[in-house]
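Me: I've got a model here and I'd like to talk it through with you. Can we start with the terms and then go through the fold and its contacts?

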Amino acid sequence: MNDLIKKLVEAYGPSGFEDNVRELIRPEIEPFADELLVDALGNLIAHKKGDGSGLKVMIAAHMDEIGVMVSHITKEGFLRFTNIGGVYPHTLLGNRVQFADGTIGVIGSDRITERGAVHPLEKHFIDVGAASRETCPVNVGDAAGFLRPFLAQGTRLSAKSMDDRIGCVIAIETLKRLSETPHEVYFVFSVQEEVGCRGAQVAANRLDPDVGIALDVTTTGDVPEARPMAVDLGKGPAIKVKDSGMIAHVGLVKIMRQRAEEANLPFQMEVLEAGTTDARSIQISNGGTAAGCISIPCRYVHSQSETVDANDVENSVNLLVEILSKPIVL
Amino acid sequence: MNELLKSLTEAVGVSGEEKEVRLLIRDLIADHVDEWHVDAMGNLLALKKGTGASDLRVLVDAHMDEVGLMVTEFDSNGTIRFSNVGGFDDRALLGKVVQVGPKKITGIIGARPIHLTTSSQRNSVVKADAMRIDIGAKTKDAASAQLKIGDKAAFVTEYEELGPTAIGKAFDDRAGCAALIELLRVEPYPFDLHAVFSVQEEVGLRGAMTAAYAVKPDAALVLECTPAYDLPNKDDVSPSVALGKGPSIYVMDRTAIQDPRLVSHITATAAENDIPFQIRRPGGGGTNTATIQRSRAGVPTATIAVPGRYAHTPAMMINLSDYANVVKLAEATLRSLAPNIIQHSS
């Protein structure tokens with residue numbers, strides 16, 4: 001699975017500009033899907049047919065990643081930028097970004113006069129090696145993603161955009177392994193999650209599912225001085241109970257938990273105090289949808305070294321296959 | 001004198017009460033469209049049938065409403081407390097003339113004269129909740145005999161042209177409305193064009209939400225007036241957009257990422273037709289693209305805007321050639337809008 005993870009996490013795909021990621025995912029799922037569709041916003045939707053006895057289930061994993069967009073080019077050729085999604089200023093200095101055309105930039109900041117201080121985002125700039133505004137190869141409005149090679153050390157996997165390419169990998173693997181299902185399952189590789197769960201909203205409007213399950217990362221409480229949270233890396237997929245945008249469907253949470261127990265899969269219960277997922281958009285779409293989320297524990301979310309554990313990834317696939325292989329009675 | 005801009009900007013249509021603007025626009029377009037109707041929210045929807053060459057459904061939106069105020073309470077001395085309808089910098093309100101209620105009663109947002117202020121008062125910002133509208137009434141009863149709680153107030157600014165520029169209120173978004181009216185007055189497009197003159201944009205992009213739901217378009221174009229901040233500045237910061245440099249093309253704001261394929265189509269169209277354009281600095285703000293884009297199963301949507309200085313104040317300024325170029329660019333963009341432009345290659 002690491003080859004696929006590497007391929008996806010190293011791809012360029014800031015919110016709104018997910019074409020490259022979609023082009024990588026499409027051939028992976030094409031042989032296993034009964035039908036494929038790309039909608040108006042760029043969501044890739046794969047339908048796996050059921051035997052007619054189950055529900056309509058939407059699985060959502062988002063293709064987009066956080067990034068930056070050029071807002072101004074100085075006369076010396078430096079690029080000022082704004083954020084695409086939740087970019088923390090302390091993750092910027094010294095990092096590298098890549099534009100759609102392959103141009104790479106390094107991030108600098110205005111002079112720091114107070115040691116240890118972090119400048120706000122607007123006091124950073126990107127240096128693409130241009131000597132002037134006129135010779136700068138980048139334009140205002142161009143989007144860039146962070147650049148960082150994939151790292152696998154034992155079972156720990158680190159990369160930029162693990163959020164949420166790892167969810168995409170889990171969706172792809174589940175589709176590959178899901179031999180028979182009672183359900184009409186729609187795997188949605190969604191766009192624009194990081195800017196407000198926008199892609200999943202229109203996909204859910206289209207599909208009008210009975211059940212929605214997002215696959216996304218969640219933070220952990222297992223690093224030094226962490227905000228207390230009962231989710232650790234490597235202790236299994238986290239079944240979301242609540243986050244700041246959604247309370248998961250109680251019946252669906254119960255089924256997820258039951259399937260994990262029956263199959264002897266490790267799992268944790270997740271209460272996330274800040275953040276939400278595509279499940280929120282699905283839940284309040286149309287006349288309402290039973291929604292939940294399988295979260296992949298992840299350290300350093302929204303940094304360039306988002307870190308997950310391979311066993312959690314494997315067990316997330318196992319759990320989702322269990323859920324989709326059996327009846328869902330809400 | 002551009003009579004269209006004059007009549008539209010001088011009309012009053014604070015969010016939620018756009019009827020005066022709607023009636024004006026209805027009369028201006030009725031002879032140029034095949035059908036029109038007003039929906040439950042007050043949006044004016046008009047259909048201009050196409051030549052039949054293309055079966056796309058294309059929505060073009062401009063919002064009729066403007067920012068304004070609403071009467072909330074009468075004080076015993078006859079002055080009027082108010083709340084904002086849409087976003088303001090409180091400093092833009094003080095000392096301004098407003099027209100209040102259906103009878104358009106003249107009022108003043110009173111300011112303490114400089115003779116009677118201390119230096120500390122002059123150096124602090126007066127908050128809107130400390131301001132009152134004064135219609136010259138001496139008592140609560142005298143004020144409430146003329147106005148009701150809930151009545152709206154709009155700025156009073158006569159439209160004027162000064163060489164290449166025009167000054168007026170509510171160019172945001174009557175400039176867009178004027179452009180959309182011009183787009184309806186020309187030859188039919190290859191596809192059916194659904195014009196939406198929408199309500200309640202300034203209070204959260206609300207009218208376009210129901211209009212897009214009803215129209216079910218395949219693609220949409222939003223015509224706006226976007227804030228220009230382009231005055232001289234000692235720092236090397238780019239203007240958001242600048243007056244006189246052509247139509248402003250949105251890429252991303254706080255509420256939406258514009259469809260990249262439509263953005264490319266618009267910029268390519270501008271280049272082909274020698275129309276100047278500028279990419280609006282990405283960042284804050286929001287347009288009806290956000291709600292149209294995410295209606296139903298999603299709609300590829302983009303925004304073209306007339307740059308306007310001093311948005312959400314009584315006096316805005318636009319450049320008339322920018323306005324003319326927005327009309328030209330929007331028309332050229334629509335006429336060359338083929339279905340393959342909005343199809344995803346993978």
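Predicted model: local features only at pLDDT ≥ 70, side-chain atom pairs only at ≥ 80, totals over all residues.

Me: Let's move to β12 of chain A. How many of its residues are buried?
Reply: This strand covers residues 184-190 of chain A. On one side sit A:Glu184, A:Tyr186, A:Val188 and A:Ser190, on the other A:Val185, A:Phe187 and A:Phe189, and both faces are covered. The buried count for β12(A) is seven of seven.

Me: Which strand pairs with β12(A) in the parallel sense?
Reply: Look at two partners. β2 of chain A (44-48) pairs with β12(A) in the antiparallel sense over five bridges, and there A:His47 has A:Tyr186 as its bridge partner. The other partner runs over seven bridges in the parallel sense, and A:Lys56 stands opposite A:Glu184 in β12(A). So the parallel one, residues 56-62 of chain A, is β3.

Me: Zooming out, why would you call chain A as compact as a globular protein of that length?
Reply: Chain A has seven helices and 18 strands. Its C-alpha atoms fill a box of roughly 65 × 45 × 35 Å along the principal axes. For 330 residues the globule rule gives 20 Å, so chain A is as compact as a globular protein of that length, with a radius of gyration close to that value: 20 Å.

Me: What share of the contacts between residues at least 6 apart in sequence joins residues at least 24 apart?
Reply: On burial, 54% of the 330 residues of chain A count as buried. As for contacts in chain A between residues at least 6 apart, the share that joins residues at least 24 apart is 76%.

Me: How far apart do the C-alpha centres of the two domains of chain A lie?
Reply: The domain assignment gives domain 1 as 2-65 + 160-325 and domain 2 as 67-146. Their contact takes 14 residues from domain 1 of chain A and 13 from domain 2 of chain A. By class, the domain 1 side has four nonpolar, seven polar and three charged residues. The centres of the two domains lie apart by 31 Å.

Me: Last one: which element supplies the largest share of the side of chain A that touches chain B?
Reply: The contact between the chains involves 27 residues of chain A and 19 residues of chain B. The chain A side divides into eight nonpolar, twelve polar and seven charged residues. α2 (19-29), β4 (67-73) and α4 (198-207) of chain A each supply at least two residues of that side. The largest share, five residues, comes from α4(A).

Methods. Residues numbered from 1 in each chain as written. Chains lettered and ligands numbered in written order. Contact = placed C-beta atoms within 7 Å. Helix = DSSP H or I, 4+ residues; strand = E, 2+ residues; numbered from the N terminus. Nonpolar A, V, L, I, M, F, W, Y, C, P; charged D, E, K, R; others polar. Domains from an automatic or database assignment. Rg over C-alpha atoms; globule rule 2.2 N^0.38 Å. Buried ≥ 20, exposed ≤ 12 C-beta atoms within 10 Å, placed from the backbone. Pairing = 2+ DSSP bridges.
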